[in-house]
Amino acid sequence: MGHPIDHIRTHLEIPPEMEQSLRSIMTQHTFKRGETISAISDMRSNVFYIQNGAARVYYLKSGKEHTYSFAFDDEFVTLSPYLWKTPDNIPTIEFLEPTEVIFVPIPGTHFLMQDYAREHLAEASTFLLTALIEHTHFLEERIFVLQTASATERYKWLINRYPKILERATITQIASYLGVTKETLYRIRAGKY
């Protein structure tokens, strides 16, 4: 099981006292399969790290669920601020199996990192830039695949990215994420598409 501190350490050398301070403000929570939390209120004050388990972010529009993203072991849950700003969309985080989540409070982390950045501006800037570029690459790949690839290519990309997704998410959730119908996804999986 990973930890958010492990991700920070891959980009930034942090002193033990800073690591201890960061760990002290993070809290671990366990969710049962099917439990949900509000993406709007909770993601404005926390970043969620899936230590072990699976989650999906979905939003309701005109009474229909649309899967926005998945997060599995050792990944952060992601949500576009665009979904917060669109009043018709109601984003929710649903846990697909028993899941251990570390809540990283945004305000507390901000204050700790701000103090660290004053003394280590170059290292803190490199960390933030590297993390931003890494996340941007994933988003660019996702947008490119979802906009330009055929349904079969999108499915193959998803299976390569998340090899165990078929064990953790329903066909309906996967189809929604890929922008295809459930029936189309069944045909793709059967090699008849």
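Trainee: Which residues lie nearest the centre of the second largest pocket, and how many residues line it?
Mentor: Keep in mind that this is a predicted model. The lining has 21 residues, and those nearest the centre are His 66, Thr 67, Ser 176, Tyr 177 and Gly 179. Strand 4 (54-61), strand 5 (64-72), helix 6 (121-148) and helix 9 (171-178) each give two or more residues to this lining. The space in the pocket is about 510 Å³.

Trainee: What makes a residue part of a lining?
Mentor: A lining residue has an atom within 4 Å of a point of the pocket. His 66 and Tyr 177 are among the residues that line this one.

Trainee: How many residues of each class does that lining have?
Mentor: Eight are nonpolar, eight are polar and five are charged. Tyr counts as nonpolar and Gly as polar, so Tyr 177 and Gly 179 of the lining fall into those two classes.

Trainee: Why are strand 2 (36-38) and strand 5 said to stand at the edges of their sheet?
Mentor: The sheet is open, with four strands in the order 2-7-4-5 and antiparallel pairing. Strand 2 and strand 5 each have a single partner strand, so one side of each has no neighbour in the sheet. On average, neighbouring strands here are turned by 25° against each other, direction ignored.

Trainee: What makes strand 4 and strand 7 (residues 90-95) a pair?
Mentor: A pair needs at least two bridges. Strand 4 and strand 7 are joined by six, in the antiparallel sense, so they qualify. Leu 60 stands opposite Ile 90 in strand 7. Helix 9 packs on this sheet and touches strand 4, strand 5 and strand 7.

Trainee: Which order do the strands of the other open sheet follow?
Mentor: The order is 1-8-3-6, again with antiparallel pairing. Strand 1 (27-31) and strand 6 (75-76) are its edges, because each has a single partner strand. Strand 3 (residues 46-52) and strand 8 (residues 99-105) share six bridges, and Phe 48 has Phe 103 as its bridge partner in strand 8.

Trainee: How do you know that helix 1 (residues 4-11) and helix 2 (residues 16-25) are in contact?
Mentor: Contact means heavy atoms within 4.5 Å. Ile 5, Ile 8 and Arg 9 of helix 1 make the contact with Glu 19, Leu 22 and Arg 23 of helix 2. Three of these residues are nonpolar, none is polar and three are charged. The axes lie 11 Å apart at an angle of about 145°, and the crossing is right-handed.

Notes:
Residues numbered from 1 in each chain as written. Predicted model: local features only at pLDDT ≥ 70, side-chain atom pairs only at ≥ 80, totals over all residues. Heavy atoms only, no water. 1 Å grid on protein atoms, 1.4 Å probe; cavity = no way out; pocket = protein on both sides within 12 Å on 5 of 7 lines; lining within 4 Å. Points joined across faces, edges and corners; volume = space filled by probe spheres on them. Axes fitted to C-alpha atoms, helices over the stretch in contact; angles between N-to-C directions. Left-handed = near helix turned anticlockwise from the far one by under 90°.
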